[in-house]
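Please examine the sequence and the model shown below.

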Amino acid sequence: MKHLDEYRDRELAAPLVAELRRAVSKPLRVMEVCGSHTMAIFRNGLRSILPTGLELVSGPGCPVCVTSASHMDAFIAIAGRPGVRVAIFGDLFRVPGSHGSLAEAGSKGAKIDIVYSPMDALELAVANPGDLLVFLGVGFETTTPGIAATILAAHHRRVDNFLVFSTQKTMPAAMETLLSDPQLKIDGLLCPGHVSSIIGAAAWQPLADNYRLACVVAGFETADLLKGLTLLARQVANDSIKVENAYPRAVSWEGNPRAQAMVAEIFEPADMDWRGLGRIPLSGLKIREQYAHFDALSRLAITLPEAEEPKGCLCGDILKGISTPRHCPLFAGRCTPATPVGPCMVSSEGTCAAYYKYGQDLES
Amino acid sequence: MTGKTIQLDHGSGGLASQQLIAEVFLKHLDNPTLHSLEDSAVLANQPGRLAFTTDSYVVDPIFFPGGDIGKLAVHGTINDLAMRGARPYCLSLGLILEEGLELDELEKVIISISEACREAGVAIVTGDTKVVPRGKADKIFINTSGIGFIDDHIDISAKNAKKGDIVILSGTMGDHGITIMTRQAGIAVEGKLASDTMPLHRLVATLLKEIPGSVHVLRDPTRGGVATTLNEVAGNCGLGIELREESLPVRPEVRAACELLGLEPLYLANEGKCLVIVAAEEATRALQIIRGCQEGREAAIIGELVAGKPGRVIINTPVGGARVVTPLHGIPLPRIC
């Protein structure tokens, strides 16, 4: 892990903090798009040492958080069907739907497996030939190539009982919708490192051009975050708006063409429901007709139920960066990680979970 | 007994039960007190105050690198006694077995319990076995209760922590928790992950012999990890605890696995580590004593008790920032102990 320690070192961090302080010569608001960035910023204690004038706003980059209430209800309904076994990433387990969560469905007998990779879900399908294994696909560009590769593997191995319920989302299209909201006032984007490793730094160019937004792709260690924020502050101070890549050890300008090709082979763009943002044209991915055999939506004839957001929950506005958890009347009262009302309190990348876990007032 | 499995009548109290007791339990765990097989063990009194504790063990898988459910059941209860400054005296052993468990697996666990008891110098003096139908339990569940004695001049409790006291951790964090979690997830990690399960009563006895008045609090950070245990201490004593992130000892392979799974070592279970809170003036001496013990070679000073932040645990990060360390909540952790 030496390669990570280099980016966390105290001696290395001090000059970077000083550099950031110098760079913030006029006030700026920056949205960290990605939930992993939100968590990393809190975990490193960066918020407690940010220069005055630099304000951070959390964005919609937590896949579980932007999963719509209606998708959540559909997931829970599928898990309860006889003969079905669902495989999920752990974060989804405790997210409340309109009536209970997958965790509750599991306690009543639904077959739910937590996996670390979609390939594990495929192996579960092979090991349980009597069940239809449905992988609940929740995620952005980072997780999609793994799902595409798994569907290809299932195709080659002729696995008949492996299905994917795709709610996969794509980031730049959603950001366009978000940025067209006049309530959101930001000067720059700390662009997600993992997503950009797939789609490339170039994917952010239209946002820089059309919305005059400073864009810097950044990694997740202390030095990465400080460097990314410094570059953003300089762009704003010098009025030289562009896309910069501060994470070149993982991200290229074009991204990962092999992953992109694999995704394009399996998926095609589709309209997608986002919690808080509503239905955004072509901001999601559906499985192509050619691979419909692996598509849970068509094979299980799933229709999405009508569902309402939990009453009083501000997840939607928090995801849009126009509110913060502290403004939510439920935060840390009725809604805690032990008794979550909205998904932002459940996910390990959720803004509310980050505020709750790390952001409590140090002096109180 | 190769190939044989546990049947429901092994728990009936009849002939099969007696055979199991004779051929497995007494064979490996025998001692004069247990040997009578009467309804309760009768024990000679010992000087000092009596400490009494109980814990149940349901870890999955039952065998893992560094230990097994049997060792864990002995060490865990010994450590709970030691954390109040007690000398462990004896243990009870309650087993709930799932029908169909391989007898060989059961015997392996009992041999492990026997070895752990012998090594720790603590005997099983009474026990009980039940068998439940297949699917109603997972292989083997164990409960151990323990009795120990505390010397009259010893008073170890979270409420004794004082402002300025120093927090020492007796070794690296998270070894047990990450070993179990990677096993459950079927993830192979480069380097050798192993549980740290071990008894800490000798380390505690050495400390209490050398600096009895200066040791204020002893806690073993098991489920919930160092973060949760220190929050409990902070809550109990009404003081704050400040940690320095770089001082926290973590093995590189544990750190690597945590990065992979998105976990924090601060929240992972330990089964052979203790937090020692000592008077500041004896902190260096305490660290030397702990490091001089086989169980504490990698001990480190990790923080101190402070006024002004009652009940809070704060961590100072390498970048010069600070954040609150909350207790563990709501994270879907598997069964780890």
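## Terms and basis of the model

Two residues are in contact if their C-beta atoms, placed from the backbone, lie within 7 Å. Helices (H or I, at least four residues) and strands (E, at least two) are DSSP runs, numbered from the N terminus. A residue is buried if 20 or more other C-beta atoms lie within 10 Å of its own, exposed if 12 or fewer, and partly exposed in between, with C-beta atoms placed from the backbone.

This is a predicted model, in which local features need pLDDT of at least 70 and side-chain atom pairs count only at pLDDT 80 or more, whereas totals for chains, interfaces and linings use all residues. Residues are numbered from 1 along each chain as its sequence is written, while chains are lettered from A and ligands numbered from 1 in the order in which they are written. The model scores ipTM 0.71 and pTM 0.82.

## The parallel sheet of chain A

In chain A, four strands form an open sheet with parallel pairing, in the order β4-β3-β5-β6. Its edge strands, each pairing on one side only, are β4 (111-114) and β6 (162-166) of chain A. Neighbouring strands of this sheet are turned by 25° against each other on average, direction ignored; axes are lines fitted to C-alpha atoms, for helices over the stretch in contact, and angles run from 0 to 180 degrees between N-to-C directions.

Two strands pair if DSSP finds at least two bridges between them. Five bridges join strand β5 (residues 132-137) of chain A to β6(A) in the parallel sense. Phe135(A) has Val164(A) as its bridge partner in β6(A). Helix α6 (residues 118-127) of chain A packs on the sheet and touches β3, β4, β5 and β6 of chain A; its direction makes about 170° with that of β5(A).

## Helix α4 of chain A

Helix α4 (residues 69-79) of chain A lies across β3 (84-88), β4, β5 and β6 of chain A, and it runs at about 135° to β3(A). Eight of the 11 residues of α4(A) are buried, so this helix is largely enclosed by the rest of the structure.

The buried residues of α4(A) are Ala69(A), His71(A), Met72(A), Ala74(A), Phe75(A), Ile76(A), Ile78(A) and Ala79(A). They pack against β3, α5 (102-107), β4, β5, β6 and β10 (267-274) of chain A.

## Overall form of chain B

Chain B contains nine helices and 13 strands. A compact globule of 337 residues would have a radius of gyration near 20 Å, and the 21 Å of chain B agrees with this; the radius is taken over C-alpha atoms, and the globule rule is 2.2 Å times the number of residues to the power 0.38. Along the principal axes, the C-alpha atoms of chain B fill a box of roughly 65 × 50 × 30 Å. Of its 337 residues, 47% count as buried. Among contacts in chain B between residues at least 6 apart in sequence, 86% join residues at least 24 apart.

The predictor's confidence in each residue is pLDDT, from 0 to 100. Chain B has a mean pLDDT of 93, and 96% of its residues reach 70 or more. Over residues 332-337 of chain B the pLDDT is below 50, although beyond near neighbours in sequence this stretch has 23 contacts in the model.

## Contact between the chains

The contact takes 28 residues from chain A and 21 residues from chain B. On the side of chain B that touches chain A, α8 (252-261) and β13 (322-324) of chain B each supply at least two residues. The largest share of that side, four residues, comes from α8(B).

By class, the side of chain B that touches chain A has 10 nonpolar, seven polar and four charged residues. Here Ala, Val, Leu, Ile, Met, Phe, Trp, Tyr, Cys and Pro count as nonpolar, Asp, Glu, Lys and Arg as charged, and the others, Gly among them, as polar.

## Individual residues

Ile147(B) lies in strand β6 (residues 140-150) of chain B and is buried, with 21 other C-beta atoms within 10 Å. Leaving aside its neighbours within four places in sequence, Ile147(B) is in contact with Leu50(B), Phe52(B), Tyr89(B) and Cys90(B).

The peptide bond from Asp60(B) to Pro61(B) is cis, with omega near 5°, and Pro61(B) lies in the loop between β1 (49-57) and β2 (63-64) of chain B. Lys139(B), a residue other than glycine, has a positive phi near 65°; with 20 C-beta neighbours inside 10 Å, Lys139(B) counts as buried. Asp239(A), also not a glycine, has a positive phi of about 50°, but with 9 C-beta neighbours inside 10 Å Asp239(A) counts as exposed.
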